[in-house]
Amino acid sequence: MTINPVLVEATRGGIVESAHRGALAVVDAHGGAVRAIGDVARPVFARSAVKVLQALPLLTSGAAEAFALSDEELALACASHNGQAQHVATAAAVLAKAGLDERALECGVHWPQHEVAQRELAASGVLTGTPALAPLATRQEGAAGSAAAQRPLSALHNNCSGKHAGFLCVGCVMARAQGSDPRAFVRGYVRPDHPVMREVGAALQAATGCDLSRAPAGTDGCSIPTYGIALTQLAQAFARVATGVGLSADRARAAARLRAAVARAPFFVAGDGRFDTKVMQRLGERVFCKVGAEGVFCAALPEQGVGVAIKVDDGNNARAAEVVMAAVIEALVRLDDGEHAFMRGLSDVTLKNWNGIEIGALRATAELRAALAATRA
């Protein structure tokens, strides 16, 4: 078994306190390896990192056009969102356009991942059944935000609700095409054998080139199928998202539309304080990046014509995978001085304690930076 190199270090008192090993692939749309670090052939469950690939049928089926989905709604279909009021309201709006509501979602219910959204929802009385208090969203976001903030905890708050709302739109279009009742047709859409999941799987297979019938298969946190795919194949898929090369014409158009939607509405792919939103707010269409669970992170870099796939061995996301992705973007993407400083702040993070005292750093290793510098050269 290959032992992956250390990609990220946490320091304290002048020494390395902990380290995160992992692997990284940078690949072009033709499958050419631009850079490989560690074991990039081992299958990994890509989880939420591939939501843009899973959203391709939303465009190719005609559902996005049929329901006149906005940039915000398309971005949410690619999202692992915070469950903030705007996310919840937008997911509900997508379902309403399809003639459905949150009861159709099969992603499960969990509390918002964003601390402020959690507090607002708790204050609304969802825990105690007391009358809704006036949450912060009421003052900041207007009527739509207020209504969403006071909505009882439901599957709309699940970080995958936008993706699942997109799946349901696809199912409704399929049902209409064959004269079926959409509400009945979409039941069980998370099953691997459901027509919606078969269409999603076909898009994932076409983009990655991975034969999913032979790949390790599991169940994702939101109950849809997830597959073990090599980092090289994931990186190639994102290079295809970046360029359209290697995709059918309709999937290439779909990928370009989704990238553009996320670039115009990056808040909806994650939310306040999140790496993906912050980076795409700053860099626009030069980067499409999407985190997944268990230390997986993927990106499309259109100007370079490459895709990136990362796996941190210990499954750490915010502490490690984000640092690696920041270092990749810093090394490979065209940046001005301000943007370079912004990305360096994400790849070499000063750590402070609760009193604001600087106690160490979280940083990309010198070995990782040297390998990426060689890639750039």
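At what angle do helix α13 and helix α15 pack, and how far apart are their axes? Keep that in mind for a moment. One caution before the answer: this is a predicted model.

Now the answer. Helix α13 covers residues 275–283, and helix α15 covers residues 337–347. They pack at an angle of about 170°. Their axes are 11 Å apart. Angles over 145 degrees count as roughly antiparallel, so α13 and α15 are roughly antiparallel to each other.

Who touches whom? From α13 come Phe 275, Lys 278, Val 279, Arg 282 and Leu 283. On the α15 side they meet Gly 338, Glu 339, Phe 342, Met 343 and Leu 346. By type, the residues of this contact between α13 and α15 are six nonpolar, one polar and three charged.

Next, α13 has another partner, helix α14, residues 317–332. The axes of α13 and α14 come within 11 Å. They cross at roughly 15°. That angle therefore makes α13 roughly parallel to α14. The crossing of these two helices is right-handed.

Here Phe 275, Val 279 and Leu 283 do the meeting for α13. Across from them, in α14, are Glu 322, Met 325, Ala 326 and Ile 329. The residues of the α13 and α14 contact divide into six nonpolar, no polar and one charged.

On to helix α12, residues 249–264. How many residues does α12 have, and what distance does it reach? It has 16 residues and reaches 23 Å from first C-alpha to last. Buried residues of α12 include Arg 251, Leu 258, Arg 259 and Val 262. Several alanines are on that list too, among them Ala 252 and Ala 260.

Start with Gln 54, in helix α1, residues 51–54. Is Gln 54 buried or exposed? Its relative accessibility is 6%, so Gln 54 counts as buried. Leaving out residues up to four places away in sequence, Gln 54 touches Lys 163, Phe 167, Val 200 and Ile 224.

Then His 164, in helix α8, residues 161–177. His 164 is buried, with a relative accessible area of 0%. Cys 107 is 57 residues away along the chain, yet the two C-alpha atoms are separated by 6.9 Å. Beyond neighbours within four places in sequence, His 164 is in contact with Leu 105, Glu 106 and Cys 107, and also with Tyr 189, Val 190, Cys 222 and Ile 224.

Key:
Residues numbered from 1 in each chain as written. Predicted model: local features only at pLDDT ≥ 70, side-chain atom pairs only at ≥ 80, totals over all residues. Heavy atoms only, no water. Axes fitted to C-alpha atoms, helices over the stretch in contact; angles between N-to-C directions. Helix = DSSP H or I, 4+ residues; strand = E, 2+ residues; numbered from the N terminus. Parallel < 35°, antiparallel > 145°, perpendicular 65-115°, else oblique. Contact = heavy atoms within 4.5 Å. Nonpolar A, V, L, I, M, F, W, Y, C, P; charged D, E, K, R; others polar. Left-handed = near helix turned anticlockwise from the far one by under 90°. Expected span 1.5 Å × (residues − 1). Buried < 20%, exposed > 50% of the residue type's maximum accessible area, 1.4 Å probe, protein only.
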